[in-house]
Amino acid sequence: MKFGAQPRIAIALMSAAVLAYEVLLMALFSLIQWHHFAYLVVSIALLGFGISGSLLVYLAPRLRHSFRGFATSQACLFALSSLLGFGLAQRLSFNPEELIWDPAHWIRLALVILLLMLPFLFAANLIGMALIEFRERLSRIYAADLLGAGVGALGIIGLLYLMTPTRALLLVATFGLAAAAAVWIECRGRAWPALSALILAGLALQLLPTAWTEPVISPYKELSQILRIPGTRIVEQRSSPLGWLSVVESPNLPLRHAPGLSLNARAEPPPQLALFTDAGGMSAITRYRGERDEIRYLDDMTSALPYHLQQPRHVLLLGSGGGADVLQALYHGVEHIDAVELNPQVIELVRDRFADFSGRIYSPKHANLHIDEARGFLQRGDKTYDLIQIPLLDSFAGAAGGVHGLNENYLYTVEAIQQALRRLETNGFIVLTRWLRLPPRDSLKLFATAIAALERSGMGDAGQHLLLIRGLQTTTLLIKKGTISGTDIERLRTFCRQRAFDLAYYPGMPASEANRHNRLQSAYFYDAAQALLGSGRERYLRQYKFDLTPSTDDRPFHFHFVKWGSLAELLEIRHRGGSALLETSYLTLLVALLLGLILSLALILVPLLFIRSSTTPTPVRFAKTRVFTYFAALGLGFLLIEIAFLQKFILLLHHPLYAAAVVLASFLVAAGFGSAWAQRYAGSLRARRACFYAVLGIVLLGGAGLMLHGPLLQLAGSWSLAARIGLSILLIAPLGFCMGMPFPLGLTSISIGAVSLTPWAWGINGCASVISAVLASLLAIHFGFNLVILVAMACYLLAIISYPVAAGGLEQGLMVKNPTGNR
């Protein structure tokens, strides 16, 4: 096939579609199951790229003169399987929580992964075969792949603001059909039949019954549970990249959502509507008619404590949700309320759709609303407050089930508390309410984090600034920018005595005052607070069965508590009600890594049975070892850097969606330009030198990023969004450009000297990418994102050492392509 027939538009369309499909699967399975299960399924399903490499080792020689037909069929199969695979997968009776004790669910898990793997396999077959077929211009094909993926990453996030994930899934399938038409036309097939078929197939997709792709939510999620109550119904739904919102009313059995409500409460909540995000994380929209007594119950919750220690005039709520904390502030006569909420659709529901029901509490009369990410709001402004409240917005079921262990949270880190302290007036309070979990973990980790933040801020004896109480379901921690006074302590005692809340810590508290009302087997919280504030803190942290190490911006995994030393004991008690202590999200990560390693090993070794090396006189074992090391190192390094930067730039861009869009698009588009630039060196004796300089650039730029990210976050935090996006692109693009060069340079080298190794290298790179996605999270949880970047840089150094150029045969092959010996 001639060079002019390169299907670069088709490759770009296919890459955009497959990356958009990956994001959609994450969104859809976060809704119908849980985030950590979506992570497992998508990570393993991406092994379709590894399977593709294995298949192409066998198929490529047999398809040498059939590229157009093969590529067109793979694009069509992608479109078909992306719809059918998802529809079938979500209808399998599968509960990821039962993997711990029911072996039958492993079979169902395998079927789910198989169904979701198929679209990735077909897309990888098209792209991989194009890299083999057009190896003389391989860098440009790979550039089209990366540029298309970058556009897909940016486009799908914008698209999810305009339509639901299920409608977006139909559009992604249509893109697959467009790729089929494009490859047919670009490879000199007749245009009109291809375009006609595309239009007809696209119309057919739009006519498919919507029930086939509508989410089938797990019966174990909170939304499914509440809909079992007779008479309950969903009255409103909204969708965006931030989640699927559902509002539920229950006219027959009133909803009552009041986390931390005292057993001595003097009033019960008025009628409420349940607000769910991704079928979980319930909060409430409370009926309010302007009558103070109607919301009296809010004074009998643990989170009301700060209003009894002082009369705050300026209050900041970091995560206003359905508005319960705004109502609590109004009940206590707060004059100025600033409420921060990340999801604008939540605000629209409370302020507009249910304005009459909620009492218009989100009107300017009651609160100043800010659509923003909490850390970004703390960093940008300079207004100070008497009270900064971080409400309880996640669900008790999610917290108790350990499904948040993989979730990064930048509100519960040492640096976040330090920023909040800087926004406090003297003697102001930070208030953090969490679900009470036994054995204690969440609240104690937050207590340890507060101690670290106070010590880093130079506030002297941390114990003189802390208060901790607990109710039946929740704990509330107060951090004071000033010394806890005797008056504070007397008011604290009175508040807890009247509401039957337990004192867990105040300065000078005797053991006899602990564990009086909601009695536990022991005064766990009091004992832990004394140990964490005492000289034996480090020993206590080492010996405690759960990880209570303070969370930081480099390790923002507040909800991760698993210790390897306790794992055997926790596994032993899983059948006796102890499965929640295992934190299913963390076990999911380990399962994903194990499955990824086993399947990748099989996918890498099996193709060796079919590889023929007659095209290169280089010793086969030596060449294969270098090829494996080189492409595995590239696959690991690329995604490790990408994931670490994505997390770090959340703090610069102040929004996870902005970070995802800007970081992914910047990396992939810049890498695409880097790959296109590499074409001038590909297949020449200068290729290895160009690769060396690219890796040197990666190491230098990555190292500079490690040193400069912290200061830049402080410097640029108050800049406009446009300026921060520009700075992000400026920091990422040079690194991405360098990262786009090593893969096409190495693949071109082996395609000249050892053609049969080309699909194998493609598969190795795909398998390594899957492993790196899981490995990045595991490393970050235990060691932090800075170490992830260092490991990625080490992978690139290993790659350049293993560059697939063997003495003799391959050098001679390069000379044939470049007879002048131009270097």
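**Helix packing and salt bridges in the predicted model**

In helix H26, the residues Arg688, Cys691, Phe692, Val695, Ile698, Val699, Gly702, Gly703 and Leu706 are in contact with Asn786, Ile789, Leu790, Met793, Tyr796, Leu797, Ile800 and Ile801 of helix H30. The structure described here is a predicted model.

Two packed helices are described by the angle between their axes and the distance between the axes. For H26, which spans residues 687-716, and H30, which spans residues 785-801, the axes come within 10 Å and cross at roughly 165°. Because angles over 145 degrees count as roughly antiparallel, H26 and H30 are therefore roughly antiparallel to each other. The crossing of H26 and H30 is left-handed.

Attention then turned to charged side chains. Side chains of opposite charge can pair when their charged atoms come close. In total, 26 salt bridges are present in the structure. One of the salt bridges joins aspartate 356 to arginine 360, with a separation of 2.7 Å between the closest N and O atoms. Within this pair, aspartate 356 counts as exposed, at 62% relative accessibility, whereas arginine 360 is partly exposed, with a relative accessible area of 45%.

A further salt bridge is formed by the side chains of arginine 537 and glutamate 455, with an N to O distance of 2.7 Å. This pair links distant parts of the chain, since arginine 537 belongs to helix H20 (residues 537-543) and glutamate 455 to helix H17 (residues 442-456), and the two are 82 residues apart. Glutamate 455 has a relative accessibility of 40% and counts as partly exposed.

Aspartate 554 and lysine 648 also meet through their side chains in a salt bridge, at 3.9 Å from N to O.

Key
Residues numbered from 1 in each chain as written. Predicted model: local features only at pLDDT ≥ 70, side-chain atom pairs only at ≥ 80, totals over all residues. Heavy atoms only, no water. Axes fitted to C-alpha atoms, helices over the stretch in contact; angles between N-to-C directions. Helix = DSSP H or I, 4+ residues; strand = E, 2+ residues; numbered from the N terminus. Parallel < 35°, antiparallel > 145°, perpendicular 65-115°, else oblique. Left-handed = near helix turned anticlockwise from the far one by under 90°. Contact = heavy atoms within 4.5 Å. Salt bridge = Lys/Arg side-chain N within 4 Å of Asp/Glu carboxyl O. Buried < 20%, exposed > 50% of the residue type's maximum accessible area, 1.4 Å probe, protein only.
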